[in-house]
Amino acid sequence: MFLTAALLTSGCATYSKTSFALRQSLSAGDTDGASRALRGHKKGPDQLLYLLETALISHRNADYVRSNALFEKAERLADRLHTRSATREAASLLTNDAVRAYRGEPFELALINYYRALNYCNLGQPEDALVECRKANRKLARLA
């Protein structure tokens, strides 16, 4: 639930229109409704948020393998988005800021690893869970 709150408060402007329906559905335990609320965000500037939320929904549905696959995809996308050139970012400021892809906040990116660790624990893979915890700790240490 913390990841959802973090994502909803820090996401793209276009994504914020989705947040109310998503929040309502998740609060009611309606993961199907939450998935429906995310339709239309699979591509474009909200893709990272889509992947994170869809991974969280899979986690809540106890589909830990799918959740980990989606979190992995989100982590790779976040890495690609963080390595974009400064020229591209400056150019986007001259056009429309809303079309820039959401790159994620550092604490959100660390939560990816914690959720993956929880998934691995639920799958009975404690060694893989420890790897994810170490990754998250390294990310948080860089923030500190």
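Helices (H or I, at least four residues) and strands (E, at least two) are DSSP runs, numbered from the N terminus. In this predicted model, the protein has eight helices and zero strands. Along the sequence the pattern reads α-α-α-α-α-α-α-α. Residues are numbered from 1 along each chain as its sequence is written. Local features need pLDDT of at least 70, side-chain atom pairs count only at pLDDT 80 or more, and totals for chains, interfaces and linings use all residues, while side-chain values use heavy atoms, with hydrogens and water left out.

The protein has 144 residues, and 42% of them count as buried (under 20% relative accessible area, with a 1.4 Å probe and protein chains only). Contact means heavy atoms within 4.5 Å. Among contacts with a separation of 6 or more, 58% join residues 24 or more positions apart.

Helix α4 spans residues 47-60 and helix α7 spans residues 106-122. Their axes (lines fitted to C-alpha atoms, for helices over the stretch in contact) come within 11 Å and cross at roughly 25 degrees. Therefore α4 is roughly parallel to α7 (an angle under 35 degrees, on a scale from 0 to 180 degrees between N-to-C directions). From α4, L52, L56 and H59 meet I112, Y115, L118, N119 and N122 of α7. Five of these contact residues are nonpolar, three are polar and none is charged.

S67 belongs to helix α5 (residues 64-82). S67 counts as buried because its relative accessibility is 0%. A polar atom of the S67 side chain lies 2.9 Å from the backbone oxygen of A55. Beyond neighbours within four places in sequence, S67 contacts A55, S58, H59 and N119.

Notes:
Parallel < 35°, antiparallel > 145°, perpendicular 65-115°, else oblique. Nonpolar A, V, L, I, M, F, W, Y, C, P; charged D, E, K, R; others polar. Buried < 20%, exposed > 50% of the residue type's maximum accessible area, 1.4 Å probe, protein only. Polar contact = N/O pair within 3.5 Å; in protein donor to acceptor, adjacent residues only side chain to side chain.
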